[in-house]
Amino acid sequence: MTKEERYKSLLPQVKALCEGEDDLISKMANVAALLHYEFGFWWTGFYRVVNNELLLGPFQGPIACVHIAYGRGVCGTAWKERRTVVVPDVEEFPGHIACSSESRSEIVVPVFSHSGSQAITQSSNQTIIAVLDIDSRDLATFDDIDAQYLEQVVALL
Ligand code: SME
């Protein structure tokens with residue numbers, strides 16, 4: 001299966017996991033587990049916006065830093081710039097926060113406040129409530145395909 005095929009088969013699973021569930025943390029927990037085990041990433045999880053900082057949320061993988069400030073690291077940058085950030089080599093990203101020395105590449109996808117298709121448009125009046133952060137032990141794991149599908153995944157939360 002190609003990466004794209006994997007994402008395509010995963011989207012209905014994400015939808016089924018989230019449908020009818022109100023608690024965001026529960027949904028994040030299952031979505032992190034689904035992505036992590038489907039793709040075998042090194043670290044897969046969410047940071048929620050709490051008290052104007054990013055606070056560690058549900059994740060799979062090794063322990064991670066708990067607090068990330070606005071604009072700091074890859075996660076804080078995705079939050080500040082309101083866009084998905086793909087980092088092919090974390091050593092080349094100024095200010096990257098190394099929670100694990102094993103991480104070599106990373107993608108961070110903002111989670112916008114409105115659920116459903118509205119979130120895909122990422123209009124400027126939507127609040128960012130969290131980010132999805134995925135780390136790989138290989139260089140250049142993530143590209144536009146990951147960005148495109150992971151944005152659809154978080155829109156289903
Ligand atoms: N590398 C991230 C920090 C979170 S850990 O990777 C889980 C960053 O630079 O924001």
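Colleague: Asp 146: buried or exposed?

Modeller: Asp 146 is buried, at 2% relative accessible area. Buried means under 20%, exposed over 50%, and partly exposed in between, with a 1.4 Å probe and protein chains only. This is a predicted model: local features need pLDDT of at least 70, side-chain atom pairs count only at pLDDT 80 or more, and totals for chains, interfaces and linings use all residues. Residues are numbered from 1 along each chain as its sequence is written, and side-chain values use heavy atoms, without hydrogens and water.

Colleague: Where is the place of Asp 146?

Modeller: In helix 5, residues 144-155. Helices are DSSP runs of H or I with at least four residues, strands are E runs of at least two, and both are numbered from the N terminus.

Colleague: Which side chain makes a polar contact with Asp 146?

Modeller: Tyr 7, at 2.7 Å. A polar contact is a pair of N or O atoms within 3.5 Å; within protein, one must be able to donate a hydrogen and the other to accept it, and residues adjacent in sequence count only if both atoms are side-chain atoms.

Colleague: What else is Asp 146 in contact with?

Modeller: Leaving aside neighbours within four places in sequence, Lys 3, Ile 107 and Thr 141 are listed along with Tyr 7. Contact means heavy atoms within 4.5 Å.

Colleague: Back to Tyr 7. How many aromatic pairs are in the whole structure?

Modeller: Seven. One of them joins Tyr 7 and Phe 39, tilted, with 4.6 Å between centres and 40° between planes. Tyr 7 sits in helix 1 (residues 3-18) and Phe 39 in helix 2 (residues 24-39), 32 residues apart. Rings of Phe, Tyr and Trp (its six-membered ring) pair if their centres lie within 6.5 Å; planes under 30 degrees apart are stacked, over 60 edge-to-face, the rest tilted.

Colleague: Which residues do ring pairs link into a cluster?

Modeller: Tyr 7, Phe 39, Phe 41, Phe 142 and Tyr 149. Tyr 7 and Phe 39 are both buried.

Colleague: Switching to strands. How many bridges join strand 1 to strand 6?

Modeller: Six, and the two run antiparallel. Strand 1 covers residues 43-50. Six bridges also join strand 1 to strand 2 (residues 53-60), again antiparallel. Two strands pair if DSSP finds at least two bridges between them.

Colleague: What stands opposite Arg 48 in strand 6?

Modeller: Ala 130. In strand 2, the bridge partner of Arg 48 is Leu 55.

Colleague: And which turn residue has a positive phi?

Modeller: Asn 51, at about 50°. Strands 1 and 2 form a hairpin with two residues between them.
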